[in-house]
Every structure is written in C-alpha cells, then in structure tokens.
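I opened my notebook to look up a few things in this structure. Here is what I wrote down as I went.

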Amino acid sequence: MSKSDIFEKLTGIFQDVFDDGDITISETTTAAEIDGWDSLTHITLLATVEEEFGVKFSMKAVQHLQNVGELAELIAEGLQ
C-alpha cells in the first residue's frame with residue numbers, strides 16, 4: 001500500500017472517528033490541530049486504525065507518536 005493510499009484511508013478514518021467530513025490531514029497534523037482529539041478519542045482512533053488496516057501497535061510504539069506522518073509510517077511498517 002502506497003503512502004498516498006494510507007493517507008486516503010486515514011482521512012476517512014479521521015472523518016468517521018471525529019464525525020467531521022471536512023477534516024483533512026497531512027504528515028504534520030497533530031492532536032492540537034483537531035477539535036475533540038483527547039485521550040479517549042486517541043484510543044478510539046488507534047483501535048479503528050488497527051482494525052481498518054489489519055495491524056497491531058505496541059504501547060511503546062504509539063506512546064511517542066508526534067503527528068499523523070509518524071502514525072502513517074507505523075502503519076506502513078505494520079503492513080510489511
């Protein structure tokens with residue numbers, strides 16, 4: 001799966017989880033930039049990403065994520 005495919009799928013996931021069809025994401029998007037992205041929504045987002053992409057993340061891997069680009073890299077690694 002290409003990086004653009006990952007971002008396309010991630011965009012849909014973000015729009016669903018945050019119930020906002022206008023959300024757009026980029027590699028530099030952070031939690032502070034998206035209304036409603038709190039710790040509970042973060043868990044929901046990660047669980048949805050794992051389910052939709054068929055990957056599993058370790059707590060160690062996700063606890064240091066800084067932005068959506070790093071999440072996309074983690075997804076790509078999990079798909080290999």
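**Sorting the residues.** Before looking at any lining, I noted that Ala, Val, Leu, Ile, Met, Phe, Trp, Tyr, Cys and Pro count as nonpolar, Asp, Glu, Lys and Arg as charged, and the others, Gly among them, as polar.

**Ground rules.** I am working with a predicted model, where local features need pLDDT of at least 70, side-chain atom pairs count only at pLDDT 80 or more, and totals for chains, interfaces and linings use all residues. Residues are numbered from 1 along each chain as its sequence is written, and side-chain values use heavy atoms, with hydrogens and water left out.

**The largest pocket.** I looked up open space next. On a 1 Å grid over the protein atoms alone, a pocket is an open set of points where a 1.4 Å probe fits, with protein on both sides within 12 Å along at least five of seven lines; lining residues have an atom within 4 Å of a point. The largest pocket holds about 170 Å³, a volume being the space filled by probe spheres set on the points, which are joined across faces, edges and corners. Its lining is made of H42, I43, L46, E50, F57, M59, V62 and Q63. Both α2 and α3 (59-62) give two or more residues to this lining, and α2 has the largest share, with four. I count helices as DSSP runs (H or I, at least four residues), numbered from the N terminus. By type, the lining has five nonpolar residues, two polar and one charged.

**Salt bridges.** How many salt bridges does the whole structure have? My search gave two, taking a side-chain nitrogen of Lys or Arg within 4 Å of a carboxyl oxygen of Asp or Glu. K3 pairs with E27 at 2.9 Å, N to O. K3 sits in α1 (residues 3-17) and E27 in the loop between α1 and α2 (39-53), so the bridge ties together parts 24 residues apart in sequence. For accessibility, I use buried for under 20% relative accessible area, exposed for over 50%, and partly exposed in between (1.4 Å probe, protein chains only). K3 is partly exposed at 43%, and E27 is partly exposed at 36%. In the other bridge, E50 meets K56, with the closest N and O atoms 3.8 Å apart. E50 is buried at 15%, whereas K56 is exposed at 71%.

**Helix α4.** My last entry is on α4, where V68, G69, L71, A72, L74 and I75 are buried. These buried residues pack against α1, α2 and α3, contact meaning heavy atoms within 4.5 Å.
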